Amino acid sequence: MSQMKAVSAEPFGLKRDGGGLAAGIKILEKELKRVSLDTVLAKANRVMVRKGSAGAGAFATMRPKPVDWYSFDAGDNATREWYPQGLTCASDAGIGGSAFVVSWYHTPESGAERGVRLSFLNTATLRYRHVLLVRTGADGNIAPINIHAGGVAWYGNLLYVADTTRGLRVFDTRQIFEIDGDGTETIGRKGDVYEAFGYRYVMPQTDAWTTTSGTVRFSFAAVDRSTAPDTLISGEYVDTAGTVGRVARWPLTEAGILNAPAGGVVKAVDAYALPGGKIQGALSHEGTWYLSQTVGSTGNGTLIVVGDTVRRRPYPVGPEDLTCVRDRRTLWSVSEFAGRRTVYGVPL
């Protein structure tokens, strides 16, 4: 029996709130070329380094050590304008292949707020590409989405991105559009073309699920494919001394949509108190919980494994969201701080 302490799931309700998004996407379909996720991966323009130096030192104290890791290119590893947060993979989605998805939030040192981007990584080719997430107005214009994006979860065609105080924003891998303008400093329709801060591809938000309680936070996200039905995991990051966050699981349909009554509110199937503060990611798999805990930018984190017992494993500095590659029985995370940014996997 898991040592996770059950708490009331009553506060965990989400109401579908995607009104108005479809109209803008229909205009985009007329004005821009829609491309497949396979096209985005095939045209990936950045190169990862397998077992690169950005991770080697960070993993020195880990037990067990990573079975594999991938470092971002030099520019993405060094930038202080973008920070990686969320992580999910093709195994979560239930599709073949070796793709990972990383969410990043923007912290502008100068210029315009650029919102959130997703990196689509193909570890088979060691290439990746950034795609900008946007919100589309009823007139078809696009704008950045200014949220923390602390977690991302992929199921079927849908990507759920955590919106800390509001709930979950939804994006669809079948709705990716190629930008036809070349401007790098602005976003939106400019005359006869669209611009998106120099990004070649954008993903418009297709849906949203808004919390029915002001007491619930959405700091990270994951997928559990070992429950019946499969569930979407959300959890709360809390850094106040002496307090802990909670984690909840939400029922999914076979299509990956949260399973709510028509026009109604979906309720979490269960909820638990986390066994410590500063949890950045949570994953449940086959009855065991895996939790990434940070102490900030100067110290190593901890991987807390909660099953019949509670075990604590050494983890790198700045561990974030968690995902699982089921056929390899590996647990993966991403480290957020400049100079240390890697996607790395350890045995479950």
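Trainee: Where in this predicted model is Pro 64 found?

Mentor: Pro 64 sits in the loop that runs between helix 3 (53–56) and strand 6 (68–71).

Trainee: What is the peptide bond from Arg 63 to Pro 64, cis or trans, and what is its omega?

Mentor: That bond, from Arg 63 to Pro 64, is cis, and its omega is near -5 degrees.

Trainee: Which loop holds Pro 229, and what is the omega of the peptide bond from Ala 228 to Pro 229?

Mentor: Pro 229 belongs to the loop between strand 19 (220–224) and strand 20 (231–235). The bond from Ala 228 to Pro 229 has omega near 0 degrees and is cis.

Trainee: Why is Ala 149 called buried?

Mentor: Buried means under 20% relative accessible area. Ala 149 has a relative accessible area of 0%, and therefore Ala 149 is buried. The residue is found in the loop between strand 11 (142–144) and strand 12 (152–155).

Trainee: What is the phi of Ala 149?

Mentor: Phi of Ala 149 is near 55 degrees, which is a positive value in a residue other than glycine.

Trainee: Why does Phe 197 count as buried?

Mentor: The relative accessibility of Phe 197 is 7%, and the cut-off for buried is under 20%, so Phe 197 counts as buried. Its place is the loop between strand 17 (193–196) and strand 18 (201–211).

Trainee: What is the phi of Phe 197?

Mentor: Phe 197 is not a glycine, yet its phi is positive, at about 55 degrees.

How values were computed: Residues are numbered from 1 along each chain as its sequence is written. This is a predicted model: local features need pLDDT of at least 70, side-chain atom pairs count only at pLDDT 80 or more; totals for chains, interfaces and linings use all residues. Side-chain values use heavy atoms; hydrogens and water are left out. Helices (H or I, at least four residues) and strands (E, at least two) are DSSP runs, numbered from the N terminus. Buried means under 20% relative accessible area, exposed over 50%, partly exposed in between (1.4 Å probe, protein chains only).
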